[in-house]
Amino acid sequence: WYHLALAQYLRGDFRSAERSWARCVEIRRGNDDSLVSGTYWHYLTLRRLGRDGDAAAVLKPITQDMTILENTSYHAATLMFKGARTPADLRRGVQTGDLDAGTIGYALGVLALVEGDRAAAGAEFGRVTETTPWIMFAHISAEAELARMNERAN
């Protein structure tokens, strides 16, 4: 479900991706690491669809005291989506180009995009693509966003 939803998201098929993310999160509830990663993408998908109330609702199971072994940047980002952390909090302690910086930078780019700040979104996506490994999902997603932004500008 995770990879299907991600493929739909990358194509810009946010309606299909939303249904797939919902299923992904539903079956991942027993593992906090899996829950935060699926919730991160589900939240961003709902924001892309303009469903801000639904986006806020999917964050309900995310708490500060979850047992996170690997997905610390997804956890931090979902806490930021809830308002429990700030973008500055997330940027502190991450190195440019590392996986956490990519995950956080991509999230900040999408938030800027849905709030109408295309310049800030483009800067975030550009930073992700210029400084992170090409195989990470945030990097690939930032490339897709830049391509869509470029298509709309032409």
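These are my notebook entries on a predicted model of a protein.

**Ground rules.** I number residues from 1 along each chain as its sequence is written, and I use heavy atoms for side-chain values, leaving out hydrogens and water.

**Overall layout.** I looked up the secondary structure and found nine helices and zero strands. Helices here are DSSP runs of H or I with at least four residues, strands are E runs of at least two, and both are numbered from the N terminus. The radius of gyration (taken over C-alpha atoms) is 14 Å, close to the 15 Å that the globule rule gives for 154 residues, so the protein is as compact as a globular protein of that length. The globule rule is 2.2 Å times the number of residues to the power 0.38. I noted a box of roughly 45 × 35 × 30 Å for the C-alpha atoms, taken along the principal axes.

**Burial.** I found that 48% of the 154 residues are buried. Buried means under 20% relative accessible area, exposed means over 50%, and partly exposed is in between, with a 1.4 Å probe and protein chains only.

**Helix H5.** Is H5 enclosed by the rest of the structure or open? I count it as largely enclosed, because nine of its 11 residues are buried. Among them are Tyr74, His75, Thr78 and Phe81. The buried residues of H5 pack against H1, H3, H6, H7 and H9. After H5 comes Gly83, with a positive phi near 95 degrees.

**Thr78.** I then looked at one residue of H5 (residues 72-82), namely Thr78. Thr78 counts as buried because its relative accessibility is 0%. Its side chain reaches the backbone oxygen of His75 at 2.8 Å. Leaving aside neighbours within four places in sequence, I list Val36, Thr39, Tyr40, Leu59 and Ile62 as its contacts, where contact means heavy atoms within 4.5 Å.

**Salt bridges.** How many salt bridges does the structure hold? I find 10, each being a side-chain nitrogen of Lys or Arg within 4 Å of a carboxyl oxygen of Asp or Glu. One of them joins Glu145 and Arg48 at 2.6 Å, N to O. Glu145 lies in H9 and Arg48 in H3, so this pair ties together parts that are 97 residues apart in sequence. Glu145 is buried at 1% relative accessible area, and Arg48 is buried at 18%.

I also checked Arg92 and Asp89, whose side chains meet at 2.6 Å, N to O. Arg92 is exposed at 56%, whereas Asp89 is partly exposed at 32%.

The pair Glu124 and Arg127 meets at 3.4 Å, N to O. Both lie in H8 (residues 118-131), three residues apart, about one turn of the helix. An α-helix has 3.6 residues a turn, so residues three or four places apart point the same way. Glu124 is buried at 10%, and Arg127 is partly exposed at 39%. I also noted a network of salt bridges linking Glu18, Arg51 and Asp54.

**Trp1.** Last, I looked at Trp1, which lies in the segment before helix H1 (2-10). Trp1 counts as partly exposed, at 47% relative accessibility.

Note on methods. Predicted model: local features only at pLDDT ≥ 70, side-chain atom pairs only at ≥ 80, totals over all residues. Polar contact = N/O pair within 3.5 Å; in protein donor to acceptor, adjacent residues only side chain to side chain.
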